[in-house]
Amino acid sequence: MLIWAVRRRPNDLGTSVVDGTRARHGEWIAKLFAAGFKRYWRDNDISYADRDTYQAWVGLTGLALEAPEALAQLPDHLVERAFRYGFANLNSFPEWLFPLALLKHQLFTGVATGILEEDIRGGGDKESTSDGFSRIAYSSSDIRELIASPLFQLLLTSGLPENRRDLEIAVNLVARSSAVSPTVLTPFLQQNFTAAVSSFRMSDAWIWLDALFCVEPASAWAAWTTAFGYYWSPSSKALFLRFIGRESPSYSRAEERDAERDNLATDAAVLRALVKATYLVWPPANDPVHEDAYSPDIADKATSKRSYSLNALTALGSEQALASLDALAVDPDLRRHRDTFLYQRDKLVRTSVRRDLLPASEAITFLNSFSKTPTSIEEFRALIKRHLVALLEKLHHFDDDEGFLFRSGRGKEDDIRNWLSGRMREIGAQHYEVIREQEVAVENRPDLRIHSRNAELGLISVEIKMAEEPHWTGDILIDKIQTQLADQYMFENGSHTGFYLLANGANPRVKVIHPKTGVVLRKAFAKRIAGKAVNFLGLIEQANSKALAVTATLSGNKVVEVISVDLSER
């Protein structure tokens with residue numbers, strides 16, 4: 001009966017089989033079938049040779065009905081049995097196998113190695129890939145990484161697959177995995193390339209050479225030149241054309257390739273040698289032109305390989321890559337292609353100075369810092385500080401020169417207070433409300449009082465001082481951080497932050513003297529703190545120290561900070 005059920009849906013094993021039974025015979029019968037499917041695979045093992053039988057389909061249906069957490073808690077012998085059933089799935093591994101293999105990786109590699117050993121010893125049809133190698137190749141980068149090291153040991157102990165497609169998969173997987181050290185792998189690849197060339201098995205030789213370029217590019221190029229020489233005779237050109245014109249299999253998805261080993265893509269010296277070789281053996285003049293149907297052959301693949309080598313060199317964006325392109329442009333053997341290399345050189349330079357795109361996580365963080373609605377006191381405090389600093393930067397540097405009023409000595413504290421309150425309402429009305437000189441505790445009035453739209457985030461006070469005003473001595477400006485901002489404006493429990501804005505409007509760092517008359521046009525900023533003369537930077541330094549000391553005495557997450565702007569110079 002179980003076989004009868006899966007025969008009705010052989011290409012969709014799992015819940016669909018039970019759903020079909022439920023639709024025809026009702027819920028009770030469907031539950032009996034589901035229990036039978038689960039019981040079957042637990043009671044009946046399967047061999048690799050039985051992977052194409054109805055019994056394998058029944059077992060796979062039962063496994064598809066199992067909950068992932070239930071599979072993870074099974075004893076080891078049942079987990080190994082589940083993996084053997086997984087290799088019987090049509091075309092690829094079932095979805096439940098991937099997380100289970102990563103969780104029980106030792107059990108999986110043990111089962112997989114045994115199946116791959118059967119494929120190696122069995123030989124099989126040399127025109128098609130064995131099922132075991134095919135399942136591994138088209139699985140995932142995590143699965144391939146798990147099996148790479150055991151597979152390499154298997155190749156050393158059990159010999160190489162007679163099936164060329166299996167050999168290509170095995171060598172490719174081992175070469176692209178970081179689990180196998182290049183120092184161990186390189187001699188193995190060199191030895192087999194040399195053996196294949198010596199016995200004129202050139203199709204096998206290209207498999208080994210491809211892998212060697214991936215692992216140790218310099219050794220691969222040395223192996224080529226040792227076997228065929230530097231001089232491009234007609235015979236060596238024909239062989240190289242066969243190499244670059246072959247189908248190079250890729251078993252990984254685009255998003256997985258960055259995690260795989262490909263040392264050729266980072267070796268400027270070898271890429272330069274390959275670019276020259278591909279241009280000499282297959283110049284652009286030989287490229288085929290397609291006007292209708294496109295079925296790539298050796299000529300098309302050679303064209304693609306030439307383009308890949310040049311583009312990979314350009315994509316490096318390094319000094320070595322730039323030097324390689326310069327060398328190619330002046331190479332007398334390649335003088336007909338000089339403009340191509342100069343174009344790629346310019347492309348490399350333009351790309352190198354272009355700013356990298358932000359990763360998604362950093363982009364989200366950046367956008368949140370400007371537009372995200374605050375959800376905590378810390379986020380609300382940071383938002384107000386960003387807005388204040390950005391607006392003061394605009395007042396100081398923007399082309400409209402709104403800071404000219406202050407630089408000319410006519411701007412007062414009221415002017416900067418009114419300008420800030422208006423601009424803050426424009427950019428932050430959705431997050432907070434700004435009130436000028438709102439009366440707070442004990443009839444005190446801070447210049448700006450900022451109320452969060454979320455009452456739980458409290459209040460922020462901003463006190464503004466035009467520091468060059470003569471009635472503000474240096475000592476008074478420092479004392480006001482404690483006596484005015486902390487003791488008065490932050491007296492209430494909801495007022496957790498005080499920003500002390502010190503602005504210098506008219507007095508520059510160095511006094512300005514008329515070059516002809518010697519008259520002082522603008523006095524330099526100067527104050528005295530504890531009897532010591534300071535400029536505006538010195539005042540800010542002292543104010544920051546005072547703010548840190550005052551904050552240390554406050555409780556309840558209260559903070560005092562100094563914000564400064566020097567409008568006296570553009």
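Start by selecting Phe-200, in the loop between α12 (182-198) and α13. Helices here are DSSP runs of H or I with at least four residues, strands are runs of E with at least two, and both are numbered from the N terminus. You are looking at a predicted model, where local features need pLDDT of at least 70, side-chain atom pairs count only at pLDDT 80 or more, and totals for chains, interfaces and linings use all residues. Residues are numbered from 1 along each chain as its sequence is written, and side-chain values use heavy atoms, with hydrogens and water left out.

Stay on Phe-200. Its phi is positive, about 60°, although Phe-200 is not a glycine. Is Phe-200 buried or exposed? Its relative accessibility is 71%, so Phe-200 counts as exposed. The cut-offs are under 20% relative accessible area for buried, over 50% for exposed, and partly exposed in between, with a 1.4 Å probe and protein chains only.

**The whole chain**

Zoom out. The protein has 25 helices and nine strands. Of its 570 residues, 45% count as buried. The accessible surface comes to about 29400 Å², and carbon and sulfur atoms hold 52% of that. Areas come from the Shrake-Rupley method with a 1.4 Å probe.

**Helix α13 and its partners**

Next, select α11 (residues 164-176) together with α13 (residues 202-215). Two packed helices are described by the angle between their axes and the distance between the axes. For α11 and α13 the angle is about 10° and the axes are 9 Å apart. That makes α11 roughly parallel to α13, because angles under 35 degrees count as roughly parallel. Axes are lines fitted to C-alpha atoms, for helices over the stretch in contact; angles run from 0 to 180 degrees between N-to-C directions.

Show the side chains. Leu-167 and Val-171 are among the α11 residues that meet α13, whose own residues there include Ile-207 and Trp-208. Contact means heavy atoms within 4.5 Å.

**The cores**

In soluble globular proteins, nonpolar side chains tend to be buried together. A nonpolar core is a set of buried Ala, Val, Leu, Ile, Met, Phe, Trp, Tyr and Cys residues joined through side-chain atoms within 4.5 Å. The largest one has 95 residues; Phe-108, Ile-136, Trp-221 and Phe-240 have the most contacts inside it. Helix α13 gives the most to this core, with 10 residues. Apart from it lies another core, of 27 residues, including Val-462 and Phe-499.

Click on Phe-240. Its contacts include Trp-221, Trp-224 and Leu-274, not counting residues up to four places away in sequence.

**Two loop stops**

Select Asn-454, in the loop between β2 (448-452) and β3 (459-466). Asn-454 counts as partly exposed, at 32% relative accessibility. Pro-374 is 80 residues from Asn-454 in sequence, but 8.6 Å away in space, C-alpha to C-alpha.

Finish at Asn-557, in the loop between α25 (536-553) and β9 (559-566). Phi of Asn-557 is positive, near 60°, and the residue is not glycine. At 37% relative accessibility, Asn-557 counts as partly exposed.

Note on methods
Angles under 35 degrees count as roughly parallel, over 145 as roughly antiparallel, 65 to 115 as roughly perpendicular and the rest as oblique.
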